[in-house]
Amino acid sequence: MNDTKLVLEYSLRLLRREWRHFVLPFLSLLITTVVLSLILLLTNSGSLLLKEQARNLKGGDVVLESNTPIDADEFWQTAGVIPELQSEQLTFTATILSNEVPLSASLLVVDENYPLYGTMELEAGQYKLPAADEMLLDQSGAERLGVTVGDQISFGEQTYTLTNIIISEPTSLANGFRFLPRVLLSQAGFALANIDSSFLRAEYLYAAKIPDLSTSNIESLRRTEEIYGRSVDVDLANNSSGGLLFGLRLVTDFLVVAVLITAILAAVNVYSSTLYLITTERKSLAIFLALGLRKNLLVAILGSTLAYTVLLAGIIGTLIGFFAFLGLNQYIATEFLINLPIPAVAQNAFICLTLISTIAIASFVPAVRKTFALNPKQILIGGETDNQSQQQFTSLFVITLSTLFPLVILATYLLDSLKEGVSSIGIIVVIYVLTAALFALLLNWLYQNRSKFGTAVSHIISQKKADGLFGIISFTSLLIALTALSTLSLLQTSLKNYLTGDLNQNVPTAYVLDVQPSQKAELENNFPELQLFSNTGARILQIDNILIQDEIAADNPNVDRELGREFNLTDRNELLSSEVISSGVWHEGRAGEISVDEELAKRANIKLGSKLVFLIQGFTVSGTVTSLRQTDSRSGLPFFYFVLSPEDIDKFPNIYFGYAYLDEVTQSNLGQFLAREMPNVTIFETKTLGPALISLINTLMILILIVTLPPLLIATLLIATLVVSAYGARRRDGARLRALGATRQSVLFHYLAETISLTLFASIFSYVVSIVLVILINQFFLELETVILFNLELIIGLSLIVTLVGVIGLFLFKTDTMPLRALLSYESND
Amino acid sequence: MSQENTAVLTLQKVSKSFIVKGETLSILENISLTLNRGEKIAIIGPSGSGKSTLLSLIGLLDKPTSGEIFIDSISTNFQNEQTLAQIRNQKIGFIFQAFELINPFTVRENISVPLEIAPKNTTKASVNSLIQAVGLDARSEALPSTLSGGEKQRVAIARALVNDPQIILADEPTGSLDRETGERVLDLLLSTVSTQNRSLIIITHDENIAKKMDRVFEIKNKTIHERH
């Protein structure tokens, strides 16, 4: 028979006749593929959704911001990134007038491409670019001016007709809290006003549509940003460090972590299944060698048998995963009204199949090693080959490297960076090898000292020692599975807390603006929940001996351009609960002392002891920096870079603004009070913002939940696989003990004690390791500060897994009907 | 007994040792032995004396530390793995104490394995006639798990003979069988070997079996001696 025919015939015969041995690996691979396929589709879909949200919030994939007009086309060409579409916008604060009533407003001048993403919601009809003599105004502006659609509003030399009322802009959630009413003009309309824009403190925005922004594109944009110095800021939709955009990026990053963790579980699962197959088939394989089969043909037979299993499971699993995604998508659309976009299905199927096959091939490496190390003389004289322990460690090394290789490719693909891919998986390799080595050393030590323990414990230790490499791998895999599960669960809790707590709850229910000093006391008396802050505009003249404005005018690259703008100073005696002094001592209202935001201090080279001189309304105020503070710019609360003593800036005319967390009744009372007693004060209720925000957060939470469930399933499956394969190895030992007089119950107790004690130990150990991992991931990857150490749900989950392991063990034992005589037979009885 | 004095197997000063924890453990020393065509010999010795190690060396499953093994006057010492596998397949037939049948293969398929592994031009005996010869024609499509111990060993005998090998190596072939079955299996083995003029090396503890052979060798103190 020729070699190909022999390989085909024998591999198919093995699969057909020994299908029971392949059921567990097949099911395991099938579910792994289903989960991996589903999670890849969900993650891609979720990422698309999040990107879409981020673009809508930002108004473009990339937004160039500058205080002076720039040639944006030149910028894109220098960066080598050409946008599909670009929208130029100009935003500034100015006064508009209607019926002799003036109003300070935030004007936005747009071109015909605005908005690139998202929709502009208007009181009536669909948005279209206003004509040159038309203007759009938001509701608060219309109320304050007392105008309706069709009325005339003047700005500069032109009078415009109000043609529609703005309900919400696409970027309204992300732009923080704009206190002034919004006015929208076309570029032609702005030209008619005949205002010299160089007199305006304007910001020029160039929003670009670049949907497939690669890492190299981003790097190139950043390099170009550096070439342009401080005149241009490049803002990326998915790379924001504040507020909602940060939340969206965070969830996208979490999805990447979830896929990687699932892939790791999948790798361990595929590997365990493969190793289980090889272990059970090993003796049969040795007979072939004794009968004259060449080892390479034996490897081919084994490889073909595995290939059928992997391919069949891979194809069926990918299909099931796809249909499960469609079903889930439909369910989410019906139940939660969230339309998840359909990602590139063929690409995902290819990635999924390739990953499963590559992991299987990588897992096959140890099988090949084992086969080549196989010596048929073991049939005759029994025992293992020489230098077993040395081979075990070499095997462990080879297995670890080969199994994790495909993971590096996946991580590189997901993180879009080879460096990050290698380093993230590298950390996992280190953890895996360290865990395995630690377990091997611990086991060795326990084995040498086993006489100090009771008989039962001593027996468990001996059995684990006798399991050799498979035992080490099984236990390490169990640890990795549980650690992955715990890590994901702890991360999910951290994220949930951030989204539903930090982000959602920190947004106040109302802001009040333009409170005059004379009104402050009365307002605080009536509404003590209000937190009011004085607000005094100032420019920095000097930091130590450097004349900041002069240096900026001279384009000194060492001076941050941001220092050229006007800052809002505040004064107070107390430190807020959301602030932490990172160095120095809080001034407690002492005159001449200044507290500075830590991040700004770094950028502006301000240190403790630095002397600052401000220019406030023509007068200079100076002070010494005595403390640096950590502030939370992501919280949605107002924060100030500079906090001075009331004594230093109280004498300047200032206004107050503030925020409050109020129930509906109090908030309504506040509105009525202000309308009646203080009509100059504006109340800005976040109620209109609330539903959109909550809906967005709910979307994110659902995404996180559905992405966390599949790894849970796969981890449980992996654990079940390990328990079943461990039972295969134990049943004969149990039979021997029974032959020596042990009862069936005592053997059962012994088996359960071994399985449960190890799972319990693995659970506790994995919980501790995952806390360390979550701290590292939160600090270096997600940049989240919230770390949950105690998670009741996770503890219950781990307890359920320990119980599940016990139940599976009990089930296997009770359903094993093979008689003792057969178990003790000389023959193989797998 | 037709005995042609043509050596099918020659061992010249064969020694085997293992390195265990850095120390050399000698198992066999200076073993010399010749097996002629059609000859049946028994190797006896206490447990741990190195009988199975010797069989694994003769069966080319292991390599000697020193000395030389000739099969059909060809030295096997410097042959590569592929050639050794080919010699095992065509010139040697194995019978193991624990039968070592391939569980997922039927009786017929188990017996056919050496034929299927062989290159195309190898002389092939009829599988059917062998199945008949060992009395398993009614069970030819059965799987090993449904066979009795005696039946399994008869399959193993047929498998060992199917490729017309010069040498049959049997390691305690009746060790896992009851006395009556064991005797029947041994009779079958000896008669088949005699009929087909094969050479047989049998490893046994059983003096009664040893007495049925042409020559008996005993391994003692790592060396081999012929009993007279």
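## Helix H1 of chain B

In this predicted model, the buried residues of H1(B) are Lys51(B), Ser52(B), Thr53(B), Leu54(B), Leu55(B), Ser56(B), Leu57(B) and Ile58(B). Eight of the eight residues of helix H1 (residues 51–58) are therefore buried, and the helix is largely enclosed by the rest of the structure. A residue is called buried when 20 or more other C-beta atoms lie within 10 Å of its own.

Leu60(B) follows H1(B) and has a positive phi, near 60 degrees.

## The six-strand sheet of chain B

Chain B contains an open sheet of six strands with mixed pairing, in the order S6-S7-S8-S3-S9-S10. Its edge strands are S6 (92–95) and S10 (223–227), each of which pairs on one side only. On average, neighbouring strands of the sheet are turned by 20 degrees against each other, direction ignored.

Strands of a sheet pair through backbone hydrogen bonds, either parallel or antiparallel. S6(B) and strand S7 (residues 167–171) of chain B run parallel and are joined by four bridges. Within this pairing, Ile95(B) has Ala170(B) in S7(B) as its bridge partner. Helix H5 (residues 149–161) of chain B packs on the sheet and touches S6 and S7 of chain B. The direction of H5 makes about 170 degrees with that of S6(B).

## Backbone exceptions in chain A

Most residues other than glycine have a negative phi, and most peptide bonds are trans. Pro115(A) sits in the loop that runs between strand S3 (101–110) and strand S4 (121–122) of chain A.

Asp544(A) is not a glycine, yet its phi is positive, at about 50 degrees. It belongs to the loop between strand S12 (531–543) and strand S13 (546–547) of chain A. Asp544(A) has 13 C-beta neighbours inside 10 Å and so counts as partly exposed. Glu588(A), also not a glycine, has a positive phi of about 50 degrees. The loop holding Glu588(A) lies between strand S15 (580–584) and strand S16 (593–597) of chain A. Glu588(A) is partly exposed because 13 other C-beta atoms lie within 10 Å.

Notes: Residues numbered from 1 in each chain as written. Chains lettered and ligands numbered in written order. Predicted model: local features only at pLDDT ≥ 70, side-chain atom pairs only at ≥ 80, totals over all residues. Buried ≥ 20, exposed ≤ 12 C-beta atoms within 10 Å, placed from the backbone. Helix = DSSP H or I, 4+ residues; strand = E, 2+ residues; numbered from the N terminus. Pairing = 2+ DSSP bridges. Axes fitted to C-alpha atoms, helices over the stretch in contact; angles between N-to-C directions. Contact = placed C-beta atoms within 7 Å.
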